[in-house]
Amino acid sequence: MSINIRLELLLSVLLPASLLALPVGAVRLSNGQVAFNEPPQVVRAGASSVQASLPGTIYHFTITLPENAGESMQAVTITQRQNVENIAFEPEASRAFVGSSFRGSPMLSLASVGGPRPTANEVTLVFDPPVRPGSTVTVALQARNPRYGGTYLFGVTAFPVGENGLGQFLGYSRLNFASPDGG
């Protein structure tokens with residue numbers, strides 16, 4: 001067997017195994033934008049109270065960033081999908097915590113809250129420092145529950161680190177509110 005054939009055979013066996021051991025990087029698009037290799041996931045959403053018309057309710061969204069995300073998560077935007085009524089967030093009362101619960105978990109620092117052009121039913125939180133791959137974070141937003149009971153949807157978008165980070169829409173989270181009359 002020639003040396004070239006043995007080398008090719010050896011490389012065909014070893015190369016795929018060595019590629020599996022390489023760290024996964026973020027996706028870099030030709031226009032310079034950066035995207036997650038594996039996007040974050042919303043694993044839970046809830047409200048501290050589901051009774052309609054209550055002020056001071058906290059909505060929490062728990063997001064996991066996989067180990068193979070390729071990039072840290074710089075920011076997250078939560079937007080209420082149009083419904084009978086818009087829910088107004090109180091951005092200045094927004095918080096973020098390590099883990100899947102905001103009770104007793106360490107707080108994460110936020111560089112800014114609100115976004116470039118915040119609307120009443122949208123809020124952007126920028127993490128400082130960014131959330132590292134393999135982490136779970138819970139975002140807590142204070143709001144006044146809607147006057148009318150029903151199902152309300154909230155779109156969650158995550159952004160990787162960098163000015164050219166391409167937002168990844170993670171899907172809609174659903175919160176159900178009960179009418180004051182029980183209907």
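Tutor: Buried means under 20% relative accessible area. Keep that cut-off in mind. The model here is predicted.

Student: Okay. Is Glu85 buried or exposed?

Tutor: Buried. Its relative accessible area is 12%, and the cut-off is under 20%.

Student: Which side chain meets Glu85 in a salt bridge?

Tutor: That of Arg147. The N to O distance is 3.5 Å.

Student: And Arg147, buried or exposed?

Tutor: Exposed. Arg147 has a relative accessible area of 52%. Exposed means over 50%, so Arg147 qualifies.

Student: How many salt bridges does the count come to?

Tutor: One. Glu85 and Arg147 form a salt bridge at 3.5 Å. Glu85 sits in the loop between strand 5 (73-80) and strand 6 (95-98), and Arg147 in the loop between strand 9 (136-143) and strand 10 (150-160), so the pair ties together parts that are 62 residues apart in sequence.

Student: New topic: backbone. Which residues does the cis peptide bond join?

Tutor: Asp128 and Pro129, with omega about 10 degrees.

Student: Where does Pro129 lie?

Tutor: In strand 8, residues 122-131.

Student: What about phi of Ser53?

Tutor: Near 75 degrees. That is a positive value, and the residue is not glycine.

Student: Why flag these two backbone features?

Tutor: Because most residues other than glycine have a negative phi, and most peptide bonds are trans.

Student: Where is Ser53 found?

Tutor: In the loop between strand 3 (41-47) and strand 4 (57-64).

Student: How accessible is Ser53 there?

Tutor: Its relative accessibility is 24%, so Ser53 counts as partly exposed.

Methods
Residues are numbered from 1 along each chain as its sequence is written. This is a predicted model: local features need pLDDT of at least 70, side-chain atom pairs count only at pLDDT 80 or more; totals for chains, interfaces and linings use all residues. Side-chain values use heavy atoms; hydrogens and water are left out. Helices (H or I, at least four residues) and strands (E, at least two) are DSSP runs, numbered from the N terminus. Buried means under 20% relative accessible area, exposed over 50%, partly exposed in between (1.4 Å probe, protein chains only). A salt bridge is a side-chain nitrogen of Lys or Arg within 4 Å of a carboxyl oxygen of Asp or Glu.
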